[in-house]
Every structure is written in C-alpha cells, then in structure tokens.
Amino acid sequence: ATVSRIGSSFCTYFCDHVPVDWHDLASHHDFELDKRYRRALIDRGVYQFPLPCRQCLISAAHTADDIDRTLEITREVLKAL
C-alpha cells in the first residue's frame, strides 16, 4: 500500500505508487482489497468512507489517543487481510 497525504487529508492506495491520474489508478489499484480494508476498519470502530479511493481526514477533534488507536487497528486489519 501507498499513502498519499495533503495537509490533514490522506488516502491509502493498494498499489506500489501514488497514482497520478484515473487511468493509472484504474490500472494499478486493488479496488477489491481497498473495499475489504475499509469494511474491516469500520467493523473495528474506525470509520473510513466505505468506497475505494475516498480520502480520509484528521481534524482537531481527533486526540492523539484517537490517532494511536486508529493506527493500531489499521495494523491489525492489514495483518488480517
């Protein structure tokens, strides 16, 4: 996976690079894995919009503990997948 970030927005891509356009994304991103990844996060209490390639946000409402817990759950999900 590759993570792209701009400010507080980020997106995880299941390919070996950050896609540069839609054609690159369509050719290299694993959409099915992305869908399973997001649903597994939701099942464990971490909400990411449940459609592939949707950006996620970190805001001032998130505490350091929220972020640490999200990272912990993300590691668990990736190991399970």
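How far is the sulfur of C56 from the closest cysteine sulfur? The distance is 6.5 Å, to the sulfur of C11, and that is too far for a bond. A disulfide here is a pair of cysteine sulfur atoms within 2.5 Å.

Ground rules before going on. This is a predicted model, so local features need pLDDT of at least 70, side-chain atom pairs count only at pLDDT 80 or more, and totals for chains, interfaces and linings use all residues. Residues are numbered from 1 along each chain as its sequence is written, and side-chain values use heavy atoms, with hydrogens and water left out.

Back to the cysteines. The structure holds 0 disulfides. C53 is in none either, and its nearest cysteine sulfur, that of C11, is 5.5 Å away. C56 is buried, at a relative accessible area of 7%. On the wording: buried means under 20% relative accessible area, exposed means over 50%, and partly exposed is in between, with a 1.4 Å probe and protein chains only.

Stay with C53 for a moment. Where does C53 lie? In the loop between α2 and β3. Helices (H or I, at least four residues) and strands (E, at least two) are DSSP runs, numbered from the N terminus. The phi of C53 is near 70°, a positive value in a residue other than glycine. As background, most residues other than glycine have a negative phi.

That loop also holds F49. F49 sits between α2, residues 31–43, and β3, residues 56–57. Its relative accessibility is 36%, so F49 counts as partly exposed. What sits over the ring of F49? The charged end of R54, 4.8 Å from the ring centre. The criterion is NZ of Lys or CZ of Arg within 6 Å of the ring centre and within 35 degrees of the ring normal.

Together with I42, Y47 and L51, F49 forms a nonpolar patch on the surface. The accessible area of the four together is about 390 Å². Areas come from the Shrake-Rupley method with a 1.4 Å probe, and for residues only the protein chains shown count as cover. Patch residues have over 30% relative accessible area and no salt bridge; like charges are joined within 9 Å, and nonpolar side chains (Val, Leu, Ile, Met, Phe, Trp, Tyr) within 5 Å.

Next, the rings. How many aromatic pairs does a search of the whole structure find? It finds 2. One of them is F14 with Y37: edge-to-face, 5.2 Å centre to centre, 70° between the planes. This pair links distant parts of the chain. F14 is in the loop between β2 (9–13) and α1 (22–28), while Y37 is in helix α2, 23 residues apart. Both F14 and Y37 are buried. For the cut-offs: rings of Phe, Tyr and Trp (its six-membered ring) pair if their centres lie within 6.5 Å; planes under 30 degrees apart count as stacked, over 60 as edge-to-face, the rest as tilted.

Now charges. The whole-structure search finds 2 salt bridges. The rule is a side-chain nitrogen of Lys or Arg within 4 Å of a carboxyl oxygen of Asp or Glu.

Start in helix α2. D34 bridges to R38, with the closest N and O atoms 2.5 Å apart. Both lie in that helix, 4 residues apart, about one turn. Are they buried or exposed? D34 counts as buried at 0% relative accessibility. R38 is buried too, at 0%. From R38 to C56, 18 residues along the chain, the C-alpha separation is 11 Å.

Then helix α3, residues 64–80. R69 and E72 meet in a salt bridge, 2.7 Å from N to O. They are 3 residues apart, about one helical turn. R69 is partly exposed at 42%, and E72 is partly exposed at 37%.

E76 is in helix α3 as well, and is partly exposed at 37%. E76 and I42 are 34 residues apart in sequence and 13 Å apart in space, C-alpha to C-alpha.

Last stop, V20. V20 is in the loop between β2 and α1, and is exposed at 70% relative accessible area. V20 and L41 are 21 residues apart along the chain, with 26 Å between their C-alpha atoms.

Over to you for questions.
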